[in-house]
Amino acid sequence: MGMTDVLIVGAGPTGLVLACDLARRGTAVRIVDRSPAPPRTSRAKGPNPRSLEILDDLGVAEEVLAAGSAPLPMLKYRDRRPVAEADPWADSAPSPDARYDRGWLIAQWRLEGILRDRLAGYGVRVEPGREVVGLAQRRNEGDGGHVDVTYADGPAERARYVVGCDGAHSSVRKLLGITFEGTTAEDQMMVCGDVDLADGVLDRTRWHQWFDEDGAVMLCPIPGTRAGWWFQAGPERDGRGQPLAPTADGFRRLLAHHTALPGRDLTRAELLSTYRVNVRMADRFRAGRVLLAGDAAHVHAIAGGLGMNTGIQDAFNLGWKLGLVLAGHADAELLDTYEEERLPVAARTLDLTSERLRATLEAIRRPGGGLDAAITPDTTGLGVGYRWSSLAAGGRAQEAGEPGPRAGDRAPDAPCADAATGVGTRLHRVFAGPRTTVLGFGPGSAAVLRETADAYGGDAGVRVCRVYAAHEDRAGAEPGAVVDDAGHAAAAYGTEASGDTGAGTVVVVRPDHHVGVLAPADDARSVREYLRRLHGTGRSAERSPGMVDAVR
């Protein structure tokens, strides 16, 4: 029986992002899905700013932006008349440290198609119609351990690791016996679907929202379609007040009841579903060689659109850790930091989305209230960090109020220029691709950058980048160095003070764009110990220890 490195179960956005991240590292990865064909579901409306950064790192952001549209202003109605308009993004703009200031509207099936194409470029294709019915973990000396995977039909297989990305009803989670604690609010529900409306009956530059005391209808244009709309509404109810299942005729009745449009203007309705507010979380995200990500690990209220985004961000946290462990650079204990970091984020997301839902339900009671109540700076994902993590230890502790990120925070972006060519670039472009980056600010950082390049140069997954201030002499700059011509990088990382006089600053940025260490450049030990934990000793172990210690 052949062995694959990682078997991913479930080919939604979470599984596809993880597969792309692993495949580009050269990991042997397979991805299976129980559906016989890619599902065309009416689900998430698109990536938030943090997910766009991840898609950018994977090389698909431009395609996602081209296939979707910017989020639309919301036009709100009461008793069939427009009463208010809100554009939650009117005052936001890209900043030097964050290129994406708003999420993006794109049908989930279209996003999945873009990710499947990217994955196929690495020679990996989703294997449809494969339902996992058994998982058995084996510990044996020969291969270090593996998981035997059984399918409903077809041959069994072996994998070193299995990741369940198979949604809220995850078979992987159930096979592990992991509990999924929480609540399903039977009374908080919505019917959803993709519909076509007759030409010209509604302005496609707006997200239309009718909120009445006896229910609601929301219609948002689906990008890339001529007449397609996302339809969401409170369900119809029978004489006893029980909700009715969604039907095309039911959608027409809801449309006629709440809006000024006749039901016949709704010409097609498909992908109909009932959404219940489900707030649940697995009590652990890892059992030995099997891990959970996305909806398999946590589901939350729809408000703020964080479901798919939290899954994409789970995958980006896990991919590099699996990659380094499988490559033999890091100990398997590194995988414990996945749950350590992502479980508290999921718990906080459950609270945040429930609070946003409460705020939205409160807002829509008043004429003019709408879904903009769900959108806050918290929903961009840019503020999510892991300061509590064991991977955020080392380096100097920052004082409260000091500028710049702390260990565990998202590493800010900043526009800069290639030192050799003068061509404009950004720090996130420097970080892109599956490597750890060591940034050096100030002349004092040269020694630790040189030591790092000597120890890990070549294929060990670590790159160094000297960030020159505009006034610094950059004769003899190493390849890949950048010039912080407008000072945005120094401002973002709080290093202006080090300048020419101080020792300079070194920042280790993890492959998922989070700060691992932020230290004075003469603290080579913090940098060395951190890199050793992720990447082993590199090539330096082959030489005398004195060589490595020479720059202490």
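Two strands pair if DSSP finds at least two bridges between them. Strands (E, at least two residues) and helices (H or I, at least four) are DSSP runs, numbered from the N terminus. This is a predicted model, in which local features need pLDDT of at least 70, side-chain atom pairs count only at pLDDT 80 or more, and totals for chains, interfaces and linings use all residues. Residues are numbered from 1 along each chain as its sequence is written, and side-chain values use heavy atoms, leaving out hydrogens and water.

**View A. Strands β19 and β22 run antiparallel.** Five bridges join β19 (residues 436–441) to β22 (residues 505–509). V438 has V508 of β22 as its bridge partner.

**View B. Seven strands form an open, mixed sheet.** The order is β18-β17-β21-β20-β19-β22-β23. β18 (424–426) and β23 (515–520) stand at the edges; each has a single partner strand, so one side of each lacks a neighbour in the sheet.

**View C. The largest nonpolar core has 105 residues.** Such a core is a set of buried Ala, Val, Leu, Ile, Met, Phe, Trp, Tyr and Cys residues joined through side-chain atoms within 4.5 Å. Buried means under 20% relative accessible area, exposed over 50%, partly exposed in between (1.4 Å probe, protein chains only). I8, V163 and L322 have the most contacts inside this core. Helix α7 (residues 307–326) gives the most to this core, nine residues. Another core, of 18 residues, lies apart and includes V430 and L518.

**View D. L271 has a positive phi, near 55 degrees.** L271 sits in strand β13 (residues 266–282). Its relative accessibility is 26%, so L271 counts as partly exposed.
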